[in-house]
Amino acid sequence: MPDTHEETLHHAFQLAFRFMVALPTDPQGLKDVTPAERLELYGLWLQYNWGTCRATKNPHTFSIVQSQKWEAWKKVGDITKEEAMERFITKVIEFLKRNPKSSDQELLYFLERRKKSPITLFGAVSDPSTRAITWLCIFSEIPFDFEEVKLTQFPEELRSINTQGRIPFLNDNGLIVNEGTSILKYLCAAFPVLDTIYPKALVPRTQIDQYLDWHNTVLRPVTQASIFGRPPSSNEQKTKIDEVLLTIENLWLTPPEEIASGSSKEKLKSVRYVAGANSPTIADFICYCEVEQIKEGIPWCLEEYPNISLWLSNMKQIKGYEEAHAAYNVAQGSGRLKKIARL
C-alpha cells in the first residue's frame, strides 16, 4: 500500500500512464491529445525510465518518428525522475479536465487530491466495520492513517470533528463520513478502486446494495447483541444467529439463478461471493468481518454451513486479509475481546 509521498506519486504516475496508453488514438466525441502533447508525454516517460538525455546528436536522423521522440526527450532537460512524474500527471489532469467523462472523474479526483493529507480512519480493531474498511484500503492501495478509538468510550476531544460520537468514522481532509457501509461506498467513489469492488452497472450494484441494507438491518444487530452480551437468553440468541447464517448460506452465497431454479438446496462445490458476484466486493469485506466475530459471542459449527465455510476460506486468500486482521487476531487470542464484551 502506498504510504509515503514517493510511493503515492509512483502509484499516481502508473495510473495516469495506464490511462493514456489505453486512450484511443482518435476517440469520437473527445478532444484528443494533440501530437505535440503526445510527444511531450513520451519525452517525460523516457525521462522517468532512463533519466536525462545525455546525447548531443540526434541518433535517429533517418526516422522522422523516432527523431521527434528523441527531440521530445532532449527537450525535457535535466530534471529528476520525480519531476518527470509530476509533469506527466499534470498533463493527464489537463486532459481529463478538457474531457469531463463521468467514467474518468474518479481518476481525476485521485490525481488532484493525492497531495492532500491521507484520509484518517477512526475505529477499533475489535469492530467488524473498522476491519472491513481497513481491508478495502489495503486491497485497493488507498493511503490512510488509523486512529484507535475505544469501543466503550468515545473521546470527548473527537466530538469537535464528529458530533455523532460513533465509530467507525472517516476524516477526509475535513469531510466526515460516518457508518461502515457508507464509508466503504465513499472510498469506492473517491478513489480509483477496481470496478468489481462496487460495480457501476445497475444490476450488480443493486444486488450489493440489497445485501448492505440487509446487513445493517438484520445481521449487524444480531452480531452486536452476541458480542456485547445483550441477548435475552443464549438459546434465543443462538436461534437468531442460526437464522442469519442460514440466510447467508442459502441466499447471499447462492447464485440467483440457482435460487430461481430451486437447485440451491444442493451444496455448491465452488461458492461465489456475496450477492452472486464472481469476485470480492465491499459486501464480502464487511460480511466476512461480521461473520467471523459471531464466534466470539456464540460458537457455531462450520460443517453446518459448507457454503460459508468455503467462502471464509476463499476470503482469507484475498489481498490485505492478514494486515487488516493482525491486531484483531492478537486481541482475540489474548481474550481482550471477551473482556470488552463484559464491560
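**Burial and helix packing in a predicted model**

Student: Why is Lys 91 called buried?

Tutor: The relative accessible area of Lys 91 is 17%. A residue counts as buried when that value is under 20%, so Lys 91 is buried. This conclusion, like the others below, concerns a predicted model.

Student: Where is Lys 91 found, and which residues does Lys 91 touch?

Tutor: Helix α4, residues 81-98, contains Lys 91. Leaving aside residues up to four places away in sequence, Lys 91 touches Glu 37, Glu 40 and Leu 41.

Student: What makes Asp 172 buried?

Tutor: Its relative accessibility is 5%.

Student: In which strand does Asp 172 lie, and what does Asp 172 touch?

Tutor: Asp 172 belongs to strand β3, which covers residues 169-172. When residues up to four places away in sequence are not counted, Asp 172 touches Tyr 109, Arg 113, Ile 119 and Tyr 186.

Student: How much of the chain is buried?

Tutor: Of the 343 residues in the chain, 48% are buried. The accessible surface comes to about 17700 Å², and carbon and sulfur atoms account for 53% of that surface.

Student: How many helices and strands does the chain have?

Tutor: There are 14 helices and four strands. Among the helices are α2, residues 35-50, and α3, residues 64-76, which pack against each other.

Student: Why are α2 and α3 called roughly perpendicular?

Tutor: Their angle is about 65 degrees, and their axes are 8 Å apart. Angles of 65 to 115 degrees count as roughly perpendicular, and α2 and α3 are therefore described in that way. The crossing of α2 past α3 is right-handed.

Student: Which residues of α2 and α3 meet?

Tutor: From α2 come Leu 39, Tyr 42, Gly 43, Leu 44, Leu 46, Gln 47 and Trp 50; from α3 come Gln 68, Lys 69, Ala 72, Trp 73 and Val 76. By class, this contact comprises eight nonpolar, three polar and one charged residues.

Student: What share of the contacts in the chain joins residues 24 or more positions apart?

Tutor: Among contacts with a separation of 6 or more, 66% are between residues 24 or more positions apart.

Key:
Residues are numbered from 1 along each chain as its sequence is written. This is a predicted model: local features need pLDDT of at least 70, side-chain atom pairs count only at pLDDT 80 or more; totals for chains, interfaces and linings use all residues. Side-chain values use heavy atoms; hydrogens and water are left out. Helices (H or I, at least four residues) and strands (E, at least two) are DSSP runs, numbered from the N terminus. Buried means under 20% relative accessible area, exposed over 50%, partly exposed in between (1.4 Å probe, protein chains only). Contact means heavy atoms within 4.5 Å. Accessible areas come from the Shrake-Rupley method with a 1.4 Å probe; for residues, only the protein chains shown count as cover. Axes are lines fitted to C-alpha atoms, for helices over the stretch in contact, and angles run from 0 to 180 degrees between N-to-C directions. Angles under 35 degrees count as roughly parallel, over 145 as roughly antiparallel, 65 to 115 as roughly perpendicular and the rest as oblique. A crossing is left-handed if the near helix is turned anticlockwise from the far one by less than a right angle, and right-handed if clockwise. Ala, Val, Leu, Ile, Met, Phe, Trp, Tyr, Cys and Pro count as nonpolar, Asp, Glu, Lys and Arg as charged, and the others, Gly among them, as polar.
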